[in-house]
Amino acid sequence: MSLLSLRGVTKSFGGLTAVNGLSFDLIAGETVGLLGPNGSGKTTALNLISGYLPVSDGIIALSGETISTIGPERIAHRGVARTFQLVRALPSLSVGENVLAALAFRKAPVWGRQAESHIERLLADVGLAGRAAQPADSLTYIDLKRMELARALASDPQLLLLDEWLAGLNPTELRAGIALITSLRQRGITILLVEHVMDAVRALCTRCIVMNAGSKIADGPTAEVLADAEVIRAYLGDDHA
Amino acid sequence: MMKLLAALVALAALAFVPAFAGPYPLGLGIGILGYGVLATAWAMFSGPTRYISLATVAFFGLGAYTVAVLADVLPYPLVLLVAALVGLVVALIVGLATLRLAGIYFVIFTFGLTELVRQLVTYYEVNVTRTLGRYVFLPIGPEHIYWQLLALLAATLAIAFWVSRSRIGLALRVIGDDPDVASHLGVRITRTKLTLFSISCVIMTLAGAIQAPRWTYIEPSIVFNPTTSFLVVIMALLGGPNRLFGPLLGAIPLFLLFEWLSANFPNHYSIILGLLFIAIVFVLPNGVLAAGDSLWSRLTRKAVRP
């Protein structure tokens, strides 16, 4: 059975239709890439799934239950966690408190002394062991991304939405990042990732969905989709197809 | 633990002040406690969320008016209870209406709310009861007001301490930092804000109710004076709104300063107040305690350097 399913999902901002009749399914345990040129509606699609934006039309369901009519905090409680395109740390909190914020308000909250070991383990998982007491606003860009991932994982998600989590990393960091996401996949977390780094997409995703101008133009195994003429045209223009 | 013990000892010592102090110092003590309560209660909500509320005096005045209206009808403890309920109901209504607003809109709304409440009370008094002011004759001396305010301050600090250590306190800080992230982490934003806003407003209402017998005569322009709201904001900002004792420590020197200013420069009082407000926001955006901390860490860091 599919974990996530979108049926005819549409989002309009005034006259602009950012997402137009989008339908797809994610099977539990899959890692799927959501690709497309800038402005094709990928981030909007993530925002609709996480409840950051309300849908204009269509239905989003998680494990068969509609989530497109409830707010982001209830969607989070159903097991959807995300990172943001531009890292959104909680700057006045420490690194550990950033993670605690997710532990404390998830469906099965962890709080107090019990939370400390959770925080240490989650930070260690993303390569931030021993950094809990550090102020979040003192972290480097890559470490902020790590912290944001630890925070998303602290919510204990079934479905993880990563919005260009690998963007802006240098080659060494990118390799570490890919290894990290691979380890999450092995834990059985379903991942939908918006990504422009094609090496990462090839390494991580078994399947890709491609959007252009708000609509889905391809959906299938990664190698096939990336060779698809329409996809290449959408990305690179008519001359390359 | 040591801090708690020190706080309890200080509280016990402060309870003996009326035994030694004359009427004027006792009056100053009441003023400090009153503003200490208001500033601490204000910071409980506005510190972590950074929602600057100018509605303080609306609740303060409602408390005072409740006492003025009901003092002859109900026994005093019951009057306080009714005042707290009035504060709670108004806070819930206002909260549900406004807490979706952010930034400057919230500030303006809360300021407008104070005026609205004042005008409504004035309208009711002029047109229905056909008097503008009311007399409050209660056999409650200044020392009793002092003790009640001291107890309220202790309770307010205890609540603020509990909030800062609890999940709801963390929720408030997360909301203050980034409400979108908060909702994606599962924080119930409206419920959290409404709860803390209501607690804070009920305390403000009680502060007004307890001080009502002191004036003997009250009217809307006295108990709904918007300057009080601004003073509370300055006090909390001066001391540091995100520290337990910050607002109280800001209230002490500023209250004494305002007393002195209003006695000696009654005509220029507002100008000086405005300039002070500007200076505090520019020079000490996180309060004196935070400024002291950063100065201290700068000094000690220098000392370590070879």
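P179(B) is found in helix α9 of chain B, where helices (H or I, at least four residues) and strands (E, at least two) are DSSP runs numbered from the N terminus. The model is predicted: local features need pLDDT of at least 70, side-chain atom pairs count only at pLDDT 80 or more, and totals for chains, interfaces and linings use all residues. Residues are numbered from 1 along each chain as its sequence is written, while chains are lettered from A and ligands numbered from 1 in the order in which they are written.

- P179(B) counts as partly exposed because it has 15 C-beta neighbours inside 10 Å; a residue is buried if 20 or more other C-beta atoms lie within 10 Å of its own, exposed if 12 or fewer, and partly exposed in between, with C-beta atoms placed from the backbone.
- Between the C-alpha atoms of P179(B) and I189(B), which are 10 residues apart along the chain, the separation is 7.5 Å.
- Helix α8 (residues 167–177) of chain B is largely enclosed by the rest of the structure, because eight of its 11 residues are buried.
- Those buried residues are L170(B), A171(B), L172(B), R173(B), V174(B), I175(B), G176(B) and D177(B).
- Their cover includes α3 (95–105) of chain A, along with α3 (23–49), α9 (179–184) and α10 (189–215) of chain B.

**Chain B as a whole**

- Chain B has 15 helices and two strands.
- The C-alpha trace of chain B spans about 75 × 50 × 40 Å along its principal axes.
- Of the 306 residues in chain B, 43% are buried.
- Among contacts in chain B with a separation of 6 or more, 79% join residues 24 or more positions apart; two residues are in contact if their C-beta atoms, placed from the backbone, lie within 7 Å.

**Helix packing around α13(B)**

- α3(B) packs against helix α13 (residues 246–264) of chain B at an angle of about 135 degrees, with the axes 8 Å apart; axes are lines fitted to C-alpha atoms, for helices over the stretch in contact, and angles run from 0 to 180 degrees between N-to-C directions.
- That angle makes α3(B) oblique to α13(B), since angles under 35 degrees count as roughly parallel, over 145 as roughly antiparallel, 65 to 115 as roughly perpendicular and the rest as oblique.
- The crossing of α3(B) and α13(B) is right-handed; a crossing is left-handed if the near helix is turned anticlockwise from the far one by less than a right angle, and right-handed if clockwise.
- On the α3(B) side the contact residues include L28(B), I32(B), Y35(B) and W42(B), and on the α13(B) side they include I252(B), F255(B) and E259(B).
- By class, this contact of α3(B) with α13(B) has 11 nonpolar, five polar and one charged residues; Ala, Val, Leu, Ile, Met, Phe, Trp, Tyr, Cys and Pro count as nonpolar, Asp, Glu, Lys and Arg as charged, and the others, Gly among them, as polar.
- Helix α12 (residues 226–239) of chain B also packs with α13(B), at an angle of about 125 degrees and with the axes 7 Å apart.
- The angle makes α12(B) oblique to α13(B), and their crossing is right-handed.
- Among the residues of this contact are L231(B), I234(B) and M235(B) of α12(B) and L249(B), L254(B) and F258(B) of α13(B).
- The contact of α12(B) with α13(B) divides into 11 nonpolar, three polar and no charged residues.

**Where chain A meets chain B**

- The contact takes 21 residues from chain A and 15 residues from chain B.
- On the chain A side, the elements giving two or more residues are α2 (72–77) and α3 of chain A.
- α3(A) supplies the largest share of that side, five residues.
- The residues on the chain A side are 12 nonpolar, five polar and four charged.

**Single residues**

- D57(A) lies in strand β4 (residues 57–62) of chain A and touches G8(A) and T10(A), not counting residues up to four places away in sequence.
- E164(A), in the loop between β7 (159–163) and α6 (171–186) of chain A, has a positive phi of about 50 degrees although it is not a glycine.
- R130(B), in the loop between α6 (103–129) and β1 (134–135) of chain B, has a positive phi near 60 degrees, again in a residue other than glycine.
- R130(B) counts as exposed, with 7 C-beta neighbours inside 10 Å.
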